Amino acid sequence: MNTIITNTCSGQDILLEGSHIQAVDRPEVIAGMAEPDTLYIDADQAQVLPGFNDSHMHLRMTGQMLTGCQLAEAKSIAQIQEILRGSREPFIHGMGWDQEKLQEKRMPVREDLDAVSLTVPIVCERYCTHILTANTAAMNLAGVWHEDGLFQEAECEPLLEALDKEAQRHIEAAVDHCLACGLTTVQIADLKSCNWRQLLPLYRKASERIRIHHQVNITDPDEMRLFLQTAGEYETDTHTFGPFKGFADGALGGRTAWLQTDYADDPGNRGIQVMTEEEMETFVSACEDLKRPVVFHAIGDAAIAQILRVYERHPDLEKGILHVQITDEAILQDLARLQTACLVQPVFWRSDRQIAAARVGDRKAATSYAFGTMMRSTLTSMGTDCPIEDCDPLENIRWAQKLPDALTEQEALWGYTEGSAAVMGRSHDLGKLEPGYLADLVFVKDGKVTKVMVNGKLQVNL
């Protein structure tokens with residue numbers, strides 16, 4: 001069946017043939033291509049764009065945030081406690097606190113959560129998700145213990161395992177939210193050693209509504225091979241597999257991003273180096289042997305510089321870096337010289353502008369968050385790292401234009417469509433409003449998403 005989209009703000013109609021765009025032309029030309037059973041969709045003067053494509057986020061964690069206790073607006077430890085007391089879940093999970101926004105200017109600790117309950121397990125993740133606080137009951141359940149209840153990086157995983165049984169509910173809630181925001185593709189970093197067998201069938205099912213592309217958090221060469229042997233059984237046009245992903249450091253807010261110099265507000269601390277250069281080389285070599293792309297989470301300049309040294313030894317490998325926040329001129333030049341894809345989150349600047357100079361000093365801050373420079377010198381795509389920030393593309397695009405090294409609106413739109421399609425290897429059929437491309441479309445009117453189509457099917461119609 002053909003579908004014709006009429007009454008667009010551009011004045012051009014769009015003819016869809018099943019899941020693909022057949023033609024984009026003047027209304028009278030498209031009308032001549034109609035068939036007796038053609039379906040007409042009135043755009044109501046909306047702007048019709050290629051569907052937004054978030055190049056890095058966490059779908060299941062987004063669902064956990066949506067269905068759990070949302071702590072992002074808490075202004076004090078007491079407010080966090082009040083929100084947690086309102087939960088009736090058998091395992092209370094909160095997300096989004098930021099000690100910089102709290103009156104106490106400190107992280108919540110075990111005693112704070114024990115004051116809510118000594119019997120119900122409670123785990124509360126910092127908004128960066130690299131640090132969490134657990135109460136006594138949660139630590140007893142997980143079989144781990146820190147006196148203050150604070151855990152970071154890989155230490156967090158045992159405390160979050162109880163959430164696995166709710167994975168399907170969380171994923172469904174996240175897909176609803178992403179579609180409502182105008183996303184037609186999500187590139188997600190949810191699969192890792194402890195969960196990929198459980199999650200693969202759930203994500204394949206979810207991909208019937210939204211296009212899902214995986215960045216796989218596995219770095220052991222033997223398990224990487226095993227994963228690839230299994231993943232093929234779950235691959236479809238809307239459920240695909242991209243790079244293997246490694247971690248090079250932590251987060252700026254928690255002072256675990258790995259810097260070349262001490263934190264300006266924490267002398268003696270340079271953050272966390274997650275992988276040695278030798279470990280990183282082994283992982284990257286395995287990706288090259290398996291003919292798979294590779295990406296790394298890297299926020300600090302020391303982490304980014306180490307990755308680039310390794311990448312220089314693999315010139316033919318498809319490679320990228322996520323976040324790429326703290327940079328200097330040498331790093332920016334090397335990113336361009338090595339044509340390393342940058343998967344960035346401009347909306348981070350909304351929060352990080354309050355702390356960047358305090359963390360790294362004025363001089364280094366002046367060359368950081370250089371996403372405009374990256375956009376003009378190497379392949380750069382747009383994302384949100386949701387639930388770190390909400391996955392609203394329109395808000396992300398607005399913040400891209402507010403950066404000190406700003407993007408234009410057109411550059412940000414390109415990064416959310418063609419750029420994000422390019423980093424997932426789909427430049428040939430995603431990200432453009434042209435004949436032959438997939439009919440993944442978003443309708444935007446008065447700054448709001450009104451309709452969303454994936455594979456030519458309406459998923460949102462407001």
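**Close-up views of cavities, pockets and buried strands**

The count comes to two cavities of 30 Å³ or more. The coordinates shown in every view are those of a predicted model.

**View 1. The largest cavity and its lining.** The largest cavity has a volume of about 140 Å³. Its lining is made up of 16 residues, and those nearest the centre are Cys128, Ala251, Ile299, Phe348 and Ile388. By class, seven residues of this lining are nonpolar, five are polar and four are charged. Cys128, one of the residues nearest the cavity centre, is buried at a relative accessible area of 7%.

**View 2. The second largest cavity.** The second largest cavity holds about 70 Å³ of space. Among the residues that line this cavity are Pro50, Gly51, Asn53, Thr184, Thr185, Thr417, Lys432 and Asp440. Strand 12 and helix 18 (409-423) each contribute at least two residues to the lining. The lining residues divide into four nonpolar, six polar and two charged.

**View 3. The pairing of strand 6 with strand 12.** Strand 6 (residues 52-57) is mostly covered, six of its six residues being buried. Its partner, strand 12 (residues 183-188), pairs with strand 6 in the parallel sense over four bridges. Within this pairing, Phe52 stands opposite Leu183 of strand 12. Strand 12 also supplies at least two residues to the lining of the second largest cavity, including Thr184 and Thr185.

**View 4. Cysteine residues without disulfides.** The structure holds zero disulfides. A disulfide requires a pair of cysteine sulfur atoms within 2.5 Å. Cys391 is buried, with a relative accessible area of 0%.

View 5. Five of the five residues of strand 9 are buried, so the strand is largely enclosed by the rest of the structure. In a regular strand, side chains alternate between the two faces of the sheet. Both faces of strand 9 are covered: Ile122, Cys124 and Arg126 are buried on one side, and Val123 and Glu125 are buried on the other. Strand 8 pairs with strand 9 in the parallel sense over five bridges, and Gly94 stands opposite Cys124. Strand 10 (residues 131-134) runs antiparallel to strand 9 and is joined to it by three bridges. The bridge partner of Cys124 in strand 10 is Thr133. Four residues lie between the strands in the hairpin of strand 9 and strand 10, where Thr129 takes a positive phi near 65°.

View 6. Glu125 lies in strand 9 (residues 122-126). Is Glu125 buried or exposed? At 3% relative accessibility, Glu125 counts as buried. Leaving aside residues up to four places away in sequence, Glu125 touches Gln64, His93, Gly94, Met95, Gly96, Trp97, Ile131, Leu132 and Leu160. The C-alpha atoms of Glu125 and Pro108 are separated by 10 Å, with the two residues 17 apart along the chain.

**View 7. A buried glutamine in a loop.** Gln99 belongs to the loop between strand 8 (92-97) and helix 4 (110-114). The relative accessible area of Gln99 is 5%, and the residue is buried. Apart from neighbours within four places in sequence, Gln99 is in contact with Lys105, Arg106, Met107, Arg126, Gly253 and Arg359.

**View 8. The largest pocket.** About 930 Å³ of space lies in the largest pocket. The pocket is lined by 34 residues, of which Ala154, Glu157, Lys192, Asn217 and Phe247 are the closest to its centre. Helix 2 (59-67), helix 6 (157-160) and strand 14 (239-247) each supply at least two residues of the lining. By class, the lining divides into twelve nonpolar, twelve polar and ten charged residues.

**View 9. The second largest pocket.** The volume of the second largest pocket is about 410 Å³. Of its 17 lining residues, Ala72, Glu73, Pro387, Ile388 and Glu389 are the closest to its centre. Strand 8 and helix 13 (349-352) each supply at least two residues of this lining. The lining comprises six nonpolar, four polar and seven charged residues.

Key
Residues numbered from 1 in each chain as written. Predicted model: local features only at pLDDT ≥ 70, side-chain atom pairs only at ≥ 80, totals over all residues. Heavy atoms only, no water. Buried < 20%, exposed > 50% of the residue type's maximum accessible area, 1.4 Å probe, protein only. Pairing = 2+ DSSP bridges. 1 Å grid on protein atoms, 1.4 Å probe; cavity = no way out; pocket = protein on both sides within 12 Å on 5 of 7 lines; lining within 4 Å. Points joined across faces, edges and corners; volume = space filled by probe spheres on them. Nonpolar A, V, L, I, M, F, W, Y, C, P; charged D, E, K, R; others polar. Contact = heavy atoms within 4.5 Å.
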